[in-house]
Amino acid sequence: MNSQVGTRTSLSLSCLICYFLIYFYNGFTVTAPAGFPDHPHRGFETVTYMLQGAVRHEDFEGHTGSIEAGDLQWMTAGRGIVHSEMPAAEGTQKGLQLWINLSSKYKMIEPRYQEMNSKDIVEAEKDGVKVRVIAGEALGIESPIYTRTPTMYLDFTLKPGAIIRQPIPDSWNAFVYVLEGEGIFGSSRSSPVSAHHLLLLGPGDGLEAQNKSSKSALRFILIGGEPLGEPVVQYGPFVMNTQEQIDQTIEDYENCTNGFEKARQWKSQSIVDFDY
């Protein structure tokens, strides 16, 4: 296996990795009354993975619920959604949010949700390595999450001394985000990468990671996806292929048409409660 090698970066945001990934919010932190009140999306998917606390989600279709620690919400915005994401527990809420681009043929599909409680996310453990398979496959198990853009999203925890070799299709783009501890990625001669650093991976057919610590666990997220090879134009929460499509999306949202009809009369409970 040729381990993918990358450049270590310390980022709060990673942008536009070859038309697959639009944004990765590595480690959002929010405390009430702050949050993400009513806002629109079109043309991509948001993947929310909670690490601590809980977030309450509402949208203009009447879909509501809480995303708690360890839970997953995979939201396909498609032709349009307006929703809110607000703290649902006391104290600080922490999580990760990934924005995944949709190909042109899927940008105007109807919105859809795939949601999994923490207990339902498939896990495997072998030789000191534990993985939660959010999307894709690892250690012989596969996630039931359907990905329109071929994607892997893996949450690895390595005990001291453990090593993992994870295949990645060589045509994909991928990155690592370290949540806890410190690890060696790629060559054993590589410099250690510590928590809250993001590592963009270079060409190769897989990733080798090892925890050389004698005391502490290493936890990291591995995300990869197939490049779409299409033009991308982004304007805030809208991700399309051309500027003309962005202009049309803004017009649709402002006029509550073509997918945004229900936005005219809808307000989330958070808007009502906090009088935003």
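Student: How many aromatic pairs does the count come to?

Tutor: This is a predicted model, in which local features need pLDDT of at least 70, side-chain atom pairs count only at pLDDT 80 or more, and totals for chains, interfaces and linings use all residues. Residues are numbered from 1 along each chain as its sequence is written, and side-chain values use heavy atoms, leaving out hydrogens and water. Rings of Phe, Tyr and Trp (its six-membered ring) pair if their centres lie within 6.5 Å; planes under 30 degrees apart count as stacked, over 60 as edge-to-face and the rest as tilted. By this rule the number of aromatic pairs is seven.

Student: What kind of aromatic pair do tyrosine 49 and tyrosine 153 form?

Tutor: Their ring centres are 6.0 Å apart. The angle between the planes is 80°, so the pair counts as edge-to-face.

Student: How many residues apart in sequence are the parts that this pair ties together?

Tutor: Strands here are DSSP runs (E, at least two residues), helices are runs of H or I (at least four), and both are numbered from the N terminus. Tyrosine 49 lies in strand β5 (residues 44–52), and tyrosine 153 in strand β16 (residues 151–158). So the pair joins parts whose separation in sequence, in residues, is 104.

Student: Is tyrosine 49 buried or exposed?

Tutor: Buried means under 20% relative accessible area, exposed over 50%, and partly exposed in between (1.4 Å probe, protein chains only). Tyrosine 153 has 0% and is buried. Tyrosine 49 also has a relative accessible area of 0%, so it is buried.

Student: What is the angle between the planes of phenylalanine 185 and phenylalanine 220?

Tutor: These rings form an edge-to-face pair, 5.1 Å centre to centre. The angle between their planes is 90°.

Student: Which strands hold phenylalanine 185 and phenylalanine 220?

Tutor: Both residues are buried. They are 35 residues apart, and their pair links distant parts of the chain. Phenylalanine 185 is in β19 (residues 182–185), and phenylalanine 220 is in β23 (residues 218–225).

Student: Which residues form one aromatic cluster?

Tutor: Two of its members are Phe185 and Phe220.

Student: Over which ring does the charged end of arginine 148 sit?

Tutor: A charge sits over a ring if NZ of Lys or CZ of Arg is within 6 Å of the ring centre and within 35 degrees of the ring normal. The charged end of arginine 148 is 5.8 Å from the ring centre. The ring belongs to tyrosine 106.

Student: How many helices and strands are in the protein chain?

Tutor: The chain has 276 residues, and 50% of them count as buried. Its elements are two helices and 25 strands.

Student: Which residues of α1 are buried?

Tutor: α1 has 13 residues and reaches 18 Å from its first C-alpha to its last. Its buried residues are Ile246, Thr249 and Asp252. Seen down the axis of α1, these fall within an arc of 120°, so they line one face of the helix; the arc is that of the directions from the helix axis to the C-beta atoms. The buried set of α1 is thus, by the cut-off of under 20%, Ile246, Thr249 and Asp252.

Student: Against which strands do the buried residues of α1 pack?

Tutor: The face of α1 turned away from its buried side carries the exposed residues Glu244 and Glu254. The buried residues of α1 pack against β24 (233–235) and β25 (238–240).

Student: What is the phi of cysteine 256?

Tutor: Most residues other than glycine have a negative phi. Cysteine 256 sits in the loop between α1 (243–255) and α2 (269–274), and is buried at 13% relative accessibility. Although cysteine 256 is not a glycine, its phi is positive, about 55°.

Student: Where does asparagine 258 lie?

Tutor: Asparagine 258 also has a positive phi of about 55° and is not a glycine. At 31% relative accessibility, asparagine 258 counts as partly exposed. Its place is the loop between α1 and α2.

Student: Which residues is isoleucine 67 in contact with, leaving aside neighbours within four places in sequence?

Tutor: Isoleucine 67 is in strand β7 (residues 64–68) and is buried, at 5%. Contact means heavy atoms within 4.5 Å. Its partners are Thr48, Met50, Gly53, Ala54, Val55, Leu72 and Gln73.

Student: What is the mean pLDDT of the protein chain?

Tutor: pLDDT is the predictor's confidence in each residue, from 0 to 100. It stays under 50 over residues 5–20. In the chain, 85% of residues reach 70 or more, and the mean is 87.

Notes: The expected span of a helix is 1.5 Å times one less than its number of residues.
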